[in-house]
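Student: Please take me through this model one feature at a time, giving the general idea before the particular case.

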Amino acid sequence: MSAHCQLTGAQPGFGNTISHSHRRTPRRFDPNIQRKRYWLPSEGRYVRLTLSARAIKTVDSIGIEAAVARVRARGGKV
């Protein structure tokens, strides 16, 4: 599963881990990605979305219909 949010577009960030001696090692900052299943009443079916934790809170506030509309507007498949 790729570390990419369908709603917000959150992707991994890249940077360095800096040790006590100040040596730098490449690292990756992954978003908190979850697979979540929602009932979509307008289509009478469940949809499974790959969302970040922040996007799950967004779906809770705006509703699944508006969230699916945003995913489709971004060009995502639902």
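Tutor: Two strands are said to pair if DSSP finds at least two bridges between them, and helices (H or I, at least four residues) and strands (E, at least two) are DSSP runs numbered from the N terminus. This is a predicted model, in which local features need pLDDT of at least 70 and side-chain atom pairs count only at pLDDT 80 or more, while totals for chains, interfaces and linings use all residues. Residues are numbered from 1 along each chain as its sequence is written, and side-chain values use heavy atoms, leaving out hydrogens and water.

Student: In which sense do S3 and S4 pair, and over how many bridges?

Tutor: S3 and S4 are antiparallel and share eight bridges, and Arg 37, for instance, has Arg 48 in S4 as its bridge partner. Four residues lie between the strands of this hairpin, where Gly 44 takes a positive phi near 65°.

Student: Which residue other than glycine has a positive phi?

Tutor: Most residues other than glycine have a negative phi. Here His 22 has a positive phi near 70°, and His 22 sits in the loop between strand S1 (13–18) and strand S2 (24–29). With a relative accessibility of 51%, His 22 counts as exposed, where exposed means over 50% relative accessible area, buried under 20% and partly exposed in between (1.4 Å probe, protein chains only).

Student: Which residues of helix H2 are buried?

Tutor: In H2, which spans residues 64–73, the buried residues are Ile 64, Ala 67, Val 68 and Val 71. They lie on the same side of H2 because they cover an arc of only 100° around the axis, the arc being that of the directions from the helix axis to the C-beta atoms. These buried residues pack against strand S3 (33–40), strand S4 (45–52) and helix H1 (53–62), with contact meaning heavy atoms within 4.5 Å.

Student: At what angle do the axes of H1 and H2 cross?

Tutor: Two packed helices are described by the angle between their axes and the distance between the axes. The axes of H1 and H2 cross at roughly 125° and come within 7 Å, and so H1 is oblique to H2. Axes are lines fitted to C-alpha atoms, for helices over the stretch in contact, with angles from 0 to 180 degrees between N-to-C directions; under 35 degrees counts as roughly parallel, over 145 as roughly antiparallel, 65 to 115 as roughly perpendicular and the rest as oblique.

Student: Which residues of H1 and H2 meet?

Tutor: Thr 58, Val 59 and Ile 62 in H1 meet Ile 64, Ala 66, Ala 67 and Arg 70 in H2.
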